[in-house]
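Here is a short report on two interfaces.

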2 protein chains.
Amino acid sequence: MTGDHTPAALIDAEIREQPAVWRRLLDSDQFAALAGQILDRRPRMVLLAARGSSDHAALYAKYLLEVILELPVGLVSPSTMTAYGAKPDLRDVLFFAISQSGGSPDLVRSAQVARSQGALTVAVTNNPGSALAEATELHADVLAGRELAVAATKTYTAQLLAMYLLVDRMRGGSGAAAALPDLADELLAREPQVAEQAQRYRFAQRLVTTARGYSYPTAREAALKLMETSYLSAQAFSGADLMHGPLAIIDAHVPVLVVVADGPGGAAMRPVLPRLTGAGADVFTVGTADAVAESTSGIILPEGVPEELSPVLEILPFQQLARHLAVARGENPDAPRGLRKVTETT
Amino acid sequence: MTGDHTPAALIDAEIREQPAVWRRLLDSDQFAALAGQILDRRPRMVLLAARGSSDHAALYAKYLLEVILELPVGLVSPSTMTAYGAKPDLRDVLFFAISQSGGSPDLVRSAQVARSQGALTVAVTNNPGSALAEATELHADVLAGRELAVAATKTYTAQLLAMYLLVDRMRGGSGAAAALPDLADELLAREPQVAEQAQRYRFAQRLVTTARGYSYPTAREAALKLMETSYLSAQAFSGADLMHGPLAIIDAHVPVLVVVADGPGGAAMRPVLPRLTGAGADVFTVGTADAVAESTSGIILPEGVPEELSPVLEILPFQQLARHLAVARGENPDAPRGLRKVTETT
């Protein structure tokens with residue numbers, strides 16, 4: 001660790017470093033080469049394996065691959081290939097394993113089985129020398145630099161952007177991501193407003209996050225950050241699933257954090273907002289100006305970002321919220337209790 | 001609704017009816033016919049679409065299809081085919097849409113798109129006259145009879161068993177499920193012990209459920225039942241994901257409900273139990289005698305049930321727990337606030 005023991009010093013530095021990490025990724029030529037190698041194999045379907053924050057990056061990639069490349073996509077339950085020893089026929093399958101450290105034994109094993117069963121395997125990690133990167137045919141480096149805080153921040157957005165740049169290259173390249181670092185600087189500057197919001201949740205024991213489509217992984221990752229750093233119960237639901245049962249838990253005592261991007265997923269969330277406010281919920285929205293106006297409070301996202309890229313930006317205020325809420329509650333978000341940086345599940 | 005207004009009268013009757021529903025399914029000849037029609041098409045991969053409790057049945061089916069038939073499987077995000085209009089190439093794909101009512105518009109639309117894109121489509125519903133059953137080429141009837149309580153119980157286990165019987169037929173038929181109804185009668189008779197456990201959670205605001213492999217859908221469904229009927233925040237984690245972050249929220253104030261079946265998934269949960277008790281958690285386990293002995297309290301599952309069938313049984317004590325906890329908290333589990341029986345998401 002570093003010599004600086006100020007609580008939150010590590011996570012603060014890593015949150016602020018994100019625009020610089022994204023600039024490195026935007027300048028990298030690895031995605032053109034990888035896209036070519038993948039397209040040569042003409043995959044018919046895609047499987048994604050990941051755990052924790054990386055699993056939310058995998059879920060984002062699932063939307064990208066399904067919507068932009070129109071490929072059927074599944075998220076792997078690693079235990080089927082490890083604990084249960086399944087040997088599926090994976091010819092024509094593109095298999096991604098996404099992991100910050102590249103060190104989780106069950107992911108390594110899943111990638112080995114996928115490769116031996118005929119899949120084209122690609123590791124997406126922050127460590128080109130990792131066991132996972134060695135187990136797969138191809139490797140994408142998320143170029144985030146060493147991450148010291150236990151809660152992933154810069155590696156998460158680097159995973160999202162790396163998957164976007166790869167998929168974007170596979171369709172020919174739109175260049176839409178070039179504006180993201182400057183927009184991130186603008187969004188990160190709203191930290192004082194987020195810090196104030198954190199005070200509002202000082203005594204909350206549980207909260208709910210919700211979104212639809214591309215932004216649903218943001219809701220999942222926001223909930224995980226809040227759990228990891230502030231130890232409250234934060235539950236993420238797709239806006240559609242929330243209406244199928246969990247809406248019953250929503251009342252004035254359960255704050256709801258909502259993401260409403262500008263696009264079809266955000267539009268599908270709009271009918272959910274009045275259901276939440278109608279149930280008496282305190283609603284904090286990160287999203288379009290219209291959606292924030294319908295909420296108790298919120299942060300307006302920069303305009304003009306395609307919905308497919310919005311998740312790279314949307315998570316930033318939630319990372320700041322988790323950091324400020326932890327400190328407000330007397331916790332150190334750099335070193336949550338009970339957690340280690342590399343989790344060894346088998 | 002019925003003329004009987006006793007709180008919990010509907011859910012009580014439907015929980016107890018489950019062995020009879022399973023006997024009807026075991027006697028049905030529809031699965032042999034369906035298995036033949038599916039095998040004729042030689043599917044290379046499977047997609048499953050569902051929402052709410054049915055999504056947990058889909059997750060169970062994902063394990064069955066991956067482990068027993070060794071097919072790659074994905075859970076569909078319906079919005080990619082509805083909100084985002086994706087038209088994936090689904091030749092060689094077997095597409096299941098699972099829904100109690102068969103009436104959710106986004107599932108119907110997803111099934112229509114899947115069928116027009118070349119998939120073999122199968123609806124699994126409790127209503128052969130539903131829009132979903134009409135939209136697909138094939139239909140499996142879960143034969144649960146009309147379900148009146150808003151929280152699904154008998155339709156959930158009927159979905160699990162129907163998917164098991166179909167997959168079991170596709171591999172030739174093991175007959176292992178025949179013992180389930182008698183074992184269910186035995187397990188349901190432990191209701192007094194479950195009712196006592198419910199008193200322990202009278203003032204809990206949040207809890208966590210966890211399991212791995214085949215039993216993970218049980219943890220998800222148990223959490224949903226508790227949220228729907230008792231309005232507490234219940235979060236489900238795979239035992240592996242729990243170690244990747246959410247373990248931080250576990251302490252003496254967060255009860256943990258664990259499922260440990262007799263098999264590889266249950267074995268993979270065993271290292272998680274000491275981590276939970278080590279964090280001071282109050283652990284209630286439904287599972288093997290060994291696992292219950294390591295926990296604060298629990299219900300021992302009948303012996304001799306293959307792990308792949310265990311989820312059909314495991315959920316029963318959690319259904320009873322949700323019912324008793326709701327009544328202990330002064331709620332009516334038959335009609336949770338804010339919910340309707342058919343949820344119309346688009």
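In this predicted model, 68 residues of chain A are in contact (heavy atoms within 4.5 Å) with 68 residues of chain B. Local features need pLDDT of at least 70, side-chain atom pairs count only at pLDDT 80 or more, and totals for chains, interfaces and linings use all residues. Residues are numbered from 1 along each chain as its sequence is written, chains are lettered from A in the order in which they are written, and side-chain values use heavy atoms, without hydrogens and water.

Chain A is divided into domain 1 (9-174) and domain 2 (180-328), with bounds from an automatic or database domain assignment. Their C-alpha centres lie 25 Å apart. Here 28 residues of domain 1 of chain A touch 28 of domain 2 of chain A.

Buried area is the accessible area (1.4 Å probe) that two parts lose on being put together, summed over both. A salt bridge puts a side-chain nitrogen of Lys or Arg within 4 Å of a carboxyl oxygen of Asp or Glu.

| Interface | Buried area | Carbon and sulfur share | Salt bridges |
|---|---|---|---|
| Chain A and chain B | about 5,600 Å² | 50% | four salt bridges |
| Domain 1 and domain 2 of chain A | about 2,400 Å² | 66% | six salt bridges |

Between the chains, the side chains of A:Arg44 and B:Asp92 form a salt bridge (3.3 Å, N to O).
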